[in-house]
Amino acid sequence: MPPSSADLLRWYDRHRRILPWRAAPGRTADPYHVWLSEIMLQQTTVAAVIPYYHRFLDLFPTIGDLARAETDRVMAAWAGLGYYARARNLHACARVVAAAGGFPATLDGLLALPGVGAYTAAAIGAIAFGLPVVPVDGNVERVTARLFALTDPLPAGRRTLARHAATLNDSQPARARPSDFAQALFDLGAGICTPRNPACALCPWRGECAGLRQGIAAALPAKAPRAARPVRHGAHFRATDAAGQILLRRRPASGLLGGMLELPGTEWRAEPWAESEALAHAPLPGPWRQAGRVTHVFTHFTLHVDVYSARIGRFPNSAAQAGGLVFAARDLDGLALPSLMRKCLAATPPDRPTGAP
DNA sequence: TAGACGTGGAT
DNA sequence: TATCCAAGTCT
């Protein structure tokens with residue numbers, strides 16, 4: 001027997017989560033709010049997103065404000081959230097949408113926007129425009145795998161999962177409330193059908209769940225084993241001048257931490273850097289001392305950074321010519337510094353000026 | 001298709 | 001401490 005969308009919606013009406021980007025019952029959400037939240041929520045927890053979401057709406061109340069903002073302001077507001085291509089695409093998308101006078105209300109139109117893939121297009125379509133589609137995110141994959149007892153490991157089994165998920169809204173109650181149905185699936189996955197220790201006894205679909213009936217629900221979806229995470233090493237340099245300014249530079253516009261600021265440093269490679277070797281990459285003559293060591297875990301490698309610190313009287317012009325950017329240390333909070341670089345700065349309190357107490 | 005792409009919290 | 005995980009997209 002297919003799952004009853006009416007049962008899920010009834011459960012949702014009693015248990016739905018209150019979230020800043022959600023419309024009040026019976027109201028339609030603002031497409032700008034839905035889109036902004038969906039981009040932020042990609043591979044990111046609700047708890048991490050909420051403060052960023054509020055800050056963005058404070059800084060950029062409308063998509064026009066976001067479109068007109070300088071890129072670095074957007075990157076700075078995103079700093080710490082990770083996956084910075086999302087911020088670059090967010091800004092590009094805002095410009096496209098603002099120029100067009102609003103979001104497209106079709107799946108194909110949404111899918112053509114920068115940073116909007118199959119999931120996000122469906123989510124915006126269902127939530128903001130009432131399109132009768134099922135957005136398939138990690139929650140919906142998990143619910144679907146368990147409901148139909150689909151045991152093919154991810155990511156290979158993704159096609160099969162999506163095909164089954166697309167049938168979830170086949171019945172009339174779901175079709176009548178596409179926005180609520182999509183969000184009901186999210187809430188079910190986040191609150192009941194959780195990755196570990198699912199609360200099957202409380203599930204509105206417990207009677208129709210093949211995974212529960214077969215006793216395999218908690219083990220689904222199966223996932224292919226992951227590759228081991230390699231280790232890389234780097235060195236970065238914190239130079240502070242007499243005025244309390246520090247020297248930064250801009251990373252390339254694409255790739256890892258693309259478009260963000262960083263302390264000048266070496267490349268990141270498999271072999272550790274000997275001190276003498278690292279110092280050859282210092283942006284200034286020094287004198288440098290190793291002031292800290294930072295470990296940072298990225299998705300696909302672990303990075304160990306030796307952080308060197310030096311206080312010099314005044315930055316030479318050659319530093320700026322080499323792409324160096326000078327900022328007051330007290331302004332660092334508002335800069336486009338990724339978490340890795342904030343760790344490096346926190347690990348190296350600035351050297352005291354000679355003679356200071 | 002598989003790998004690149006961040007971060008912080010939970011277990 | 002180690003591993004997993006979170007409303008994925010792009011190449």
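Author: Start with the cover over helix α9. The elements over its buried residues include α10 (158-165), α12 and α13 (210-213). The model is predicted: local features need pLDDT of at least 70 and side-chain atom pairs count only at pLDDT 80 or more, while totals for chains, interfaces and linings use all residues. Residues are numbered from 1 along each chain as its sequence is written, and chains are lettered from A and ligands numbered from 1 in the order in which they are written.

Reader: What makes a stretch a helix or a strand, and how many of each does chain A have?

Author: Both are DSSP runs, numbered from the N terminus: a helix is H or I with at least four residues, a strand is E with at least two. By that rule, chain A has 16 helices and 6 strands.

Reader: Why is α9 called largely enclosed?

Author: Count its buried residues. A residue is buried if 20 or more other C-beta atoms, placed from the backbone, lie within 10 Å of its own; it is exposed if 12 or fewer do, and partly exposed in between. In α9, 8 of the 10 residues are buried, so the rest of the structure largely encloses the helix. Val140, Glu141 and Arg142 are among them.

Reader: Why are α9 and α12 called roughly perpendicular?

Author: Look at their axes, which are lines fitted to C-alpha atoms, for helices over the stretch in contact; angles run from 0 to 180 degrees between N-to-C directions. The axes of α9 (residues 138-147) and α12 (residues 178-191) cross at roughly 75 degrees and come within 8 Å. Under 35 degrees counts as roughly parallel, over 145 as roughly antiparallel, 65 to 115 as roughly perpendicular, and the rest as oblique. The two helices are therefore roughly perpendicular.

Reader: Which residues make that contact?

Author: Two residues are in contact if their C-beta atoms, placed from the backbone, lie within 7 Å. On α9, the contact uses Asn139, Val140, Arg142 and Val143. On α12, Leu185, Phe186, Leu188, Gly189 and Ala190 take part.

Reader: What classes of residue does the contact have?

Author: There are 6 nonpolar, 2 polar and 1 charged. Ala, Val, Leu, Ile, Met, Phe, Trp, Tyr, Cys and Pro count as nonpolar; Asp, Glu, Lys and Arg count as charged; the others, Gly among them, count as polar.

Reader: Is Ala149 buried, partly exposed or exposed, and how do you know?

Author: Ala149 has 16 C-beta neighbours inside 10 Å, so it counts as partly exposed. The residue sits in the loop between α9 and α10. Its phi is positive, about 55 degrees, although Ala149 is not a glycine.

Reader: Is Asn197 buried or exposed, and how do you know?

Author: Asn197 has 7 C-beta neighbours inside 10 Å, so it counts as exposed. Its place is the loop between α12 and α13.

Reader: Why is Met75 called buried?

Author: Met75 has 24 C-beta neighbours inside 10 Å, so it passes the cut-off. It lies in helix α5 (residues 71-78). Leaving out residues up to four places away in sequence, Met75 touches Tyr84, Ala87, Gly259, Met260 and Ala336.

Reader: And what makes Leu263 buried?

Author: Leu263 has 24 other C-beta atoms within 10 Å, so it is buried. This residue belongs to the loop between β3 and α14 (275-279). Leu263 and Arg238 are 25 residues apart in sequence, and their C-alpha atoms are 6.3 Å apart.

Reader: How do you know that β2 pairs with β6?

Author: Count bridges. Two strands pair if DSSP finds at least two bridges between them. β2 (residues 245-250) and β6 (residues 325-328) have 4 and run antiparallel, so they pair. Leu248 has Leu325 as its bridge partner in β6. β2 is also antiparallel to β3 (residues 261-262), with 2 bridges.

Reader: How many residues are near DNA strand C, and what makes them near?

Author: A residue is near a strand or molecule if its C-beta atom, placed from the backbone, lies within 6 Å of it. Around DNA strand C there are 28 such residues, with Leu41, Gly117, Tyr119, Thr120 and Gly138 closest. α8 gives the most to this surface, with 4 residues.

Reader: How many charged residues are near DNA strand B?

Author: That surface has 11 nonpolar, 10 polar and no charged residues.
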